[in-house]
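The sequence and structure come first, followed by the notes.

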Amino acid sequence: MRSDPDRLQFQIAARDGAARTGRLQLAHGAVETPAFIPLATRGSVRSLAASEVAGLGYELVLGNTFHLMLSPGPQRVAALGGLHRFMGWERPIITDSGGFQVFSLAHGRVADEIKGRRGRQPGRGTVLEIGEQGVRFRSYLDGSEQFLGPEESMAVQAALGADIALAFDECTPYHADRDYTARSMERTHRWLDRCLAWHDRQGPRRQAVFGIVQGGVHEDLRRAAAERVSAAAVDGVAIGGTLGRDKEEMRGVIGMTAPHLDGAAPRHLLGIGEPDDLVEGIALGVDLFDCAVPTRLARHGMALAPLPATRFRFDIRRAEFAADERPLVEGCPCPACAAHSRAYVHFLSRAEELTGVRLLVLHNLTYLERLVRGAREAIQRERFGDYRQAVLNGTPPWQGAALTPSGP
Ligand SMILES: [Zn+2]
């Protein structure tokens, strides 16, 4: 781990068990943690203007190296002043490495198996060759041949001007056997060294770099990866790869990884963001989460809600909501619930009106922002255990926060 306050400062303000709350200072501003990070895959959070995302309380978004390198291209974005200026977002940005997307092309249907779990769209296209240098593939946009390796990924992320760049890695799928997972992990570590060497020579002076812990579901590999990445000159650590076949195994993988990470450095759990996963991850000491869930659900007419029996969501297009005058979720402070009925969002969603998607994105992102905000407050008050249980039992996050008055 390196310590360079010009790139990143992380101050932990309070702890409650393994959970912690703090402040991440990056080149473009501060981020209160634990934080949920909305995806700005192609330079926008689906259907929202950047000012709206900031208005919901978000301080950090995640841009996608794979999609932005294919179009509009890193040179174009750099010529237009970098990704912050291009998308009109003045706060911090993290970019992924593109590794997940190019390896999803290769792992094909197996990647689909974990796609929902990691929550990112692999796009389409064809992998031509995977080697020590990187991955050669065909663009899904125009069929052109492309190459992405550690140096290329860092160069794209440098051109985009992200506050945090992620090292290039292979996201090993769940079905991969132990031997493949171990060899892939070793290569990911060699790629980490190349990413850091490139960044040392020509990376943006104020850009932080996170290394990625792989190792599948194998305890010894996760531990080796956690120690290896923590020992490198990174500014933070992301936990990637398959996290198992179900939520219980996911908690197990985080639990076998987190204790071997540098306790002073920020930890990002890649591609995870359902309400129960957020409180469980925070309980295990995770600081940052990104996930397509809130925006992807909105596209399919789904609203997040305090409903543990139905995976914290419901389908607003169901006939029963056609004349329902209540807001999506009673008490929700979002712009959709403040002004509109379920009946209206139901109608818009069935009619496939863009406003229907927008209202659901606003609601779903508000829901998760309130959930992590409540977690931060609960950790401050050393009541995170109660808060976690309240969320898991179906208490809305804004009430869960109220359940934790100061002092025991
Ligand atoms: Zn709402």
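Which residues in H7 meet which residues in H8? Pro-150, Glu-151 and Met-154 of H7 meet Trp-191, Arg-194, Cys-195, Trp-198 and His-199 of H8, where contact requires C-beta atoms, placed from the backbone, within 7 Å. The model is predicted: local features need pLDDT of at least 70, side-chain atom pairs count only at pLDDT 80 or more, and totals for chains, interfaces and linings use all residues. Residues are numbered from 1 along each chain as its sequence is written. Helices (H or I, at least four residues) and strands (E, at least two) are DSSP runs, numbered from the N terminus.

**Helices H7 and H8**

- By class, the contact of H7 with H8 has 5 nonpolar, 1 polar and 2 charged residues; Ala, Val, Leu, Ile, Met, Phe, Trp, Tyr, Cys and Pro count as nonpolar, Asp, Glu, Lys and Arg as charged, and the others, Gly among them, as polar.
- Two packed helices are described by the angle between their axes and the distance between the axes.
- The axes of H7 (residues 150-160) and H8 (residues 178-202) come within 8 Å and cross at roughly 45 degrees. Axes are lines fitted to C-alpha atoms, for helices over the stretch in contact, and angles run from 0 to 180 degrees between N-to-C directions.
- H7 and H8 are therefore oblique to each other; angles under 35 degrees count as roughly parallel, over 145 as roughly antiparallel, 65 to 115 as roughly perpendicular and the rest as oblique.
- Their crossing is right-handed, meaning that the near helix is turned clockwise from the far one by less than a right angle.

**Helices H9 and H10**

- For H9 (residues 219-231) and H10 (residues 247-257), the axes come within 8 Å and cross at roughly 45 degrees, which makes H9 oblique to H10.
- H9 passes H10 in a right-handed crossing.
- Glu-219, Arg-222, Arg-223 and Ala-226 of H9 make the contact with Val-253, Met-256 and Thr-257 of H10.
- By class, this contact of H9 with H10 has 3 nonpolar, 1 polar and 3 charged residues.

**The sheet**

- An open sheet is formed by 3 strands in the order E1-E2-E3, with antiparallel pairing; two strands pair if DSSP finds at least two bridges between them.
- E1 and E3 (29-33) stand at the edges, each with a single partner strand, so one side of each is left without a neighbour in the sheet.
- From one strand to the next, the twist averages 10 degrees.
- Helix H15 (residues 354-380) packs on the sheet, touching E1, E2 and E3, and its direction makes about 115 degrees with that of E2.
- E1 and E2 pair over 7 bridges, while E2 (residues 19-26) and E3 are joined by 5 bridges.
- Arg-23 in E2 is the bridge partner of Gln-11, and Arg-23 also stands opposite Glu-32 in E3.
- Gln-25 stands opposite Ala-30 in E3.

**Hairpins and burial**

- The hairpin of E1 and E2 has 2 residues between the strands, and Gly-17 takes a positive phi near 65 degrees there.
- E2 and E3 also form a hairpin, with 2 residues between them.
- In E2, 6 of the 8 residues are buried, that is, with 20 or more other C-beta atoms within 10 Å of their own; 12 or fewer counts as exposed, and values in between as partly exposed.
- Pro-5, in the segment before E1 (9-16), is exposed, with 7 other C-beta atoms within 10 Å.
- The C-alpha atoms of Pro-5 and Glu-32 are separated by 17 Å, at 27 residues apart along the chain.

Technical notes
Contact = placed C-beta atoms within 7 Å.
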